Amino acid sequence: MTTILQVEASARVERSLSRALAHTFRAAWHEREPTARFIQRDVGRQPPPFVMASWIEAAFTDASERSAEQSAALATSDALIDELEQADIVVIATPMYNYGMPATLKAWFDQVIRVNKTFTFDLARGDFPLQPRLHGKTLVGLCAHGEFGFGAGGTRSKMNHLQPHLATCAHYLGTTRHHFVSVEYQEFGDERHHSSIKSAHEQVRQLVAQLTDAHHAAATT
């Protein structure tokens, strides 16, 4: 049985394009694997707390030496990391806000990328002392853009600070494979936008077919 962590970050609910892609992903996956388990995390409507000085102090204190207050400061982080550890696939459905990720999604990453929990730090490794502790997961980014041309070689490719940031951070979630599907032209609202929506949902269904086939093949070898 596949376990999928689905993180939704849009501040919108009913009119969210990224949430709609996430719903298509879930429905398509359940069509092909009815027993799949989805863990839902809505950071758009229930934002994680921002990292504060007390959080940092607690995270860098050995677990055996933490005070009750320090353990409480890490309670949300512990819960979010537990969800992550269970997942085979991490689906992040998010809009692009000001060419990057929403603050609520960044807060989620800051809570789950934590020393001695999801990564280790060792200066003996030289100039690359950080190493993820989790491995073998797949990242699926389902994104919505107001403008267009954010892909490789596109008009606004240098302005795309969303997908590269997601991929960089997801390395420390233990992901080794990344897939991105995006809706574009939202601010224009023309035929290009409608075509982009249709294409993105079809790409999601094709991606689900690809991933479920790969998971089935891995389970039978």
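A crossing of two helices is called right-handed if the near helix is turned clockwise from the far one by less than a right angle, and left-handed if it is turned anticlockwise. The views below come from a predicted model, in which local features need pLDDT of at least 70, side-chain atom pairs count only at pLDDT 80 or more, and totals for chains, interfaces and linings use all residues. Residues are numbered from 1 along each chain as its sequence is written, and side-chain values use heavy atoms, with hydrogens and water left out.

**View 1. Helix α1 against helix α7.** Helices here are DSSP runs of H or I with at least four residues, numbered from the N terminus. The axes of α1 (residues 17-32) and α7 (residues 191-219) come within 9 Å and cross at roughly 35°, where axes are lines fitted to C-alpha atoms over the stretch in contact and angles run from 0 to 180 degrees between N-to-C directions. The crossing of α1 with α7 is right-handed. Contact means heavy atoms within 4.5 Å, and the residues that make it include L21, F25 and W29 of α1 and I197, V204 and V208 of α7. The contact of α1 with α7 comprises 12 nonpolar, 5 polar and 3 charged residues, with Ala, Val, Leu, Ile, Met, Phe, Trp, Tyr, Cys and Pro counted as nonpolar, Asp, Glu, Lys and Arg as charged, and the others, Gly among them, as polar.

**View 2. Helix α4 against helix α5.** The axes of α4 (residues 75-86) and α5 come within 8 Å and cross at roughly 90°. The two helices α4 and α5 are therefore roughly perpendicular to each other, a term for angles of 65 to 115 degrees. On the α4 side the contact is made by T76, S77, L80, I81 and L84, and on the α5 side by W108, Q111 and V112. By class, these are 5 nonpolar, 3 polar and no charged residues.

**View 3. Helix α5 against helix α6.** Between α5 (residues 103-112) and α6 (residues 163-170), the axes come within 11 Å and cross at roughly 15°. That makes α5 roughly parallel to α6, as angles under 35 degrees are classed. The crossing of α5 and α6 is left-handed, and L105, K106 and F109 in α5 meet H165, L166, C169 and A170 in α6.

**View 4. Cysteines C143 and C169.** With a disulfide taken as a pair of cysteine sulfur atoms within 2.5 Å, the count comes to 0. The sulfur of C143 lies 13 Å from the closest cysteine sulfur, in C169, too far for a bond. C143 is buried, with a relative accessible area of 0%, and C169, at 11%, also counts as buried, the limit being under 20% with a 1.4 Å probe and protein chains only.

Definitions and conventions: Angles under 35 degrees count as roughly parallel, over 145 as roughly antiparallel, 65 to 115 as roughly perpendicular and the rest as oblique. Buried means under 20% relative accessible area, exposed over 50%, partly exposed in between (1.4 Å probe, protein chains only).
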